[in-house]
Each structure stands twice: as structure tokens, then as C-alpha cells.
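Let's take a walk through a protein and look at how its side chains pair up. Keep the picture open while you read.

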Amino acid sequence: MGKQTKLTPGPLLNERGELCQAGYATSLVKEYDRSRIKGGALRIKEWDYYLIYNGRCGVALTLDDNSYMGLVSISFLDFEKRTEHTASPMTVFPMGKTGFPGTSAAGDVSLHKRNMKMSFCHRDGKRILDGEIRRFENGLPIRIHFELEEEPEDSMVIATPFPGKKTAFYYNQKIIGMRAGGRAEYGGHVYEFKKKDSFALLDWGRGVWTYENTWYWSAAMGLSGGENFGFNLGYGFGDTSAATENMLFYQGKAHKLEDVRFLIPGEEEGKTDYLKPWNFTSSDKRLELTFTPILDRKACTSAGIILSDQHQVFGYFDGTAVLDDGTKLSVEHLLGFAEKVRNKW
């Protein structure tokens, strides 16, 4: 890939519901306005996904409104036992009533039903995350509370069109490497998360997707040489000819990469083994990583016209990463994930 297009401030969509500009940025410079969407009310997808973890365990939280269906999802990840459990109660035809804000920087969103509740709020410069599913596993509940702060200056933002449908688009921000404090009550235990070693990311998305898509996404966050370091990598989703979503983050600043490929064992032969070591490489030779999996959070849902086949694999990254100024960083035993997801919905 050659020169990548940087987004300029202004509306995300024009009066025809098409992207005004495709490209990338390090903040939400484009203004998202749901009322400008022309791609069909049933095709609108809005979601917030948070992942919080330390070296021992993690929690993933999702609130989404996909027009004809929505969900509240909590995953508990035990990296020491290499186990996970996920519950994702669904709602029917929310059609935007969940009330997602048009920016990640302000506004709150919540969903309360009889056996579940979740809220993502902004308060005193922090992101406050609360959730509960009363029958999470074996009839027992899970309850979580987190406070996220020390948000990095830069994030990954991309505006992506889809081939063949002018009113389809994907507007996405990934904030990598916030500090997290809080707790999860689950299975008779209380798991404490301390700011000194717990990190969080936000995957904030708004868009109108085409029916069938496969994407690859990877992120990691932690420390390199005592400094905050992380990355966001991905491809396969929409027309990324204007820009990729591949970025390194060091001391809160973004460093842009070109194309990255995930080399998953057995994939080309149709015999994918997600738990064998993967390799990651970038076309600009600035990223060379080995990924050693420890846990595959997999799920496959097939119901009529809806299909979701996902493998979110957690593990450790080792290798090298080169910043924009040529500084080479050593990546050693950095905890993160890599996923392959195929959806029809």
C-alpha cells in the first residue's frame, strides 16, 4: 500500500448517506450523525466493546444495537487456567432505542432487562463500566465494576466504505492502553484489577455493513521497557484501499503501519489450528511478531439467515516493532489477542 489518506474534520456522511471521505485518523475528526444514514434501518449497527485484562484474568463487555437484534455480553477469561465463559443475552428489534451516543468522548449508554444490566458512563474524566448477568454460569451471577482512566492521546480511527454498496460504511475507533481499576465477582470469587498492571481497550463502532464479511483483528497492550506500548492490527473488512487500521502506540502516540498479515497455521490448507503459534508481518517490514496462543474464545451461531463464526485467541506476542522515527522496540511476552470472525447478518 502506498500513501494512506488522513481524514479531515467534517461530517462523516453526505446528504446521500455516503462517506464524505475514506481514510484514517488518530481521533474522531468525522462527526457521526445516525439521522444521515440511508442504508436501511435494519442494516444499522452500533456497538461499544471493552476488554480489560491483567496477566491473570480478563473481562470483555459488549453493548450493541444491530437494529433487528441487540445484546449484552460478558466474557470472563482466566489466563492461568486457560478457560473462559461467555453469556450474551439478546434483545429483539431495538432499532436504535438503546441510544448510543454519536461520539466515544461523551454520552452514556445502558441497557437494563430483568436478568441483566449494563452501563457505560463518563464521570469525572473516567469511563465507568458496570454490568451484571444474574444467571451467568451454573445459575450463578457475574457482577463487574471498572473505572478506566489515563486515556492515551492518540487512538486508531478509520472510515471504511464497502465495495458495491455506496451507503454502507464502517466508522471505527480503537482506544488502546487505558489503565483500569475495578473488580469482577464471579463463581464465588472476587477478582481485583489494579491500575498498576491492568489495561483496557475500547472498540467503538458505528456503521451500515453488507450482509457477509470476514475480518481479522488483533490488539495488545502493556509495557515495553517500562513505557506504555500496544498495537491495533486488522484487515479484510470493507475497502481499505484508502487506509489500513494498523497502528503502534508508544507513550500514548500513534505510529502508522502499512499492510499486515496474520499467518495462521493450517489456514491455507483449510485445516486451521488456532492454538499453534501464528506469525505476523507487515509490508513495510516494521512489525515482525510470533504469537503463542493460550486460549481460544470460540463461538459459532447459526440461526436462519444469521451466522457468526468467531475465534478470538488470547496469547503472548514476541518480536520487534519499529516506530515512525526508526526506533526499534523489543516486544517480549506481551499479552493480547488475535481473531478471525466470519459473519452473515
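A residue counts as buried under 20% relative accessible area, as exposed over 50%, and as partly exposed in between. Keep that scale in mind, because K126 has a relative accessibility of 25% and so counts as partly exposed. One more thing before we go on: what you see is a predicted model.

**Charged pairs**

Side chains of opposite charge can pair when their charged atoms come close. How many salt bridges does a search of the whole structure find? The search turns up 18 of them.

| Salt bridge | N to O distance |
|---|---|
| R16 and E18 | 3.4 Å |
| E149 and K126 | 4.0 Å |
| R286 and D324 | 2.8 Å |

Start with R16 and its salt-bridge partner E18. R16 is partly exposed, because its relative accessible area is 46%. E18 has a relative accessible area of 19%, so this residue is buried.

Next come E149 and K126, whose side chains meet in a salt bridge.

Now find R286 and D324, joined by a salt bridge with the closest N and O atoms 2.8 Å apart. R286 sits in the loop between β22 (278-282) and β23 (287-303), while D324 sits in the loop between β24 (306-322) and β25 (328-344), so their pairing ties together parts that are 38 residues apart in sequence. Is R286 buried or exposed? R286 is buried, because its relative accessible area is 16%. D324 has a relative accessibility of 48%, so D324 counts as partly exposed. Elsewhere, salt bridges with shared partners join K126, E147, E149, E150 and K195 into one network.

**A neighbour of R286**

A321 is buried, because its relative accessible area is 0%. A321 and R286 are 35 residues apart in sequence, yet their C-alpha atoms are 5.6 Å apart in space. Leaving out residues up to four places away in sequence, A321 touches several others, among them F229, L248, R286 and V331.

**Rings**

On to the aromatic side chains: the structure holds 30 aromatic pairs. Take Y53 and F79, whose ring centres are 6.2 Å apart and whose planes are at 90 degrees, so this pair is edge-to-face. The two come from distant parts of the chain, 26 residues apart: Y53 is in strand β4 (residues 44-53), and F79 is in the loop between β6 (69-78) and β7 (83-87). Y53 counts as buried because its relative accessibility is 2%. F79 is buried too, with a relative accessible area of 5%.

Compare that with F262 and F280: their ring centres are 4.5 Å apart and their planes are at 45 degrees, so the pair is tilted. F262 is in strand β21 (residues 260-263) and F280 is in strand β22, 18 residues apart. Both of these residues, F262 and F280, are buried. Ring pairs also link them into a cluster with other residues, including Y216, W278 and F317.

**Charges over rings**

Finally, which residue lies over the face of W217? K174 does, at 4.6 Å from the ring centre. Likewise, K256 has its charged end over the ring of Y24, 5.0 Å from the centre.

Technical notes: Residues are numbered from 1 along each chain as its sequence is written. This is a predicted model: local features need pLDDT of at least 70, side-chain atom pairs count only at pLDDT 80 or more; totals for chains, interfaces and linings use all residues. Side-chain values use heavy atoms; hydrogens and water are left out. Buried means under 20% relative accessible area, exposed over 50%, partly exposed in between (1.4 Å probe, protein chains only). Helices (H or I, at least four residues) and strands (E, at least two) are DSSP runs, numbered from the N terminus. Contact means heavy atoms within 4.5 Å. Rings of Phe, Tyr and Trp (its six-membered ring) pair if their centres lie within 6.5 Å; planes under 30 degrees apart count as stacked, over 60 as edge-to-face and the rest as tilted. A charge sits over a ring if NZ of Lys or CZ of Arg is within 6 Å of the ring centre and within 35 degrees of the ring normal.
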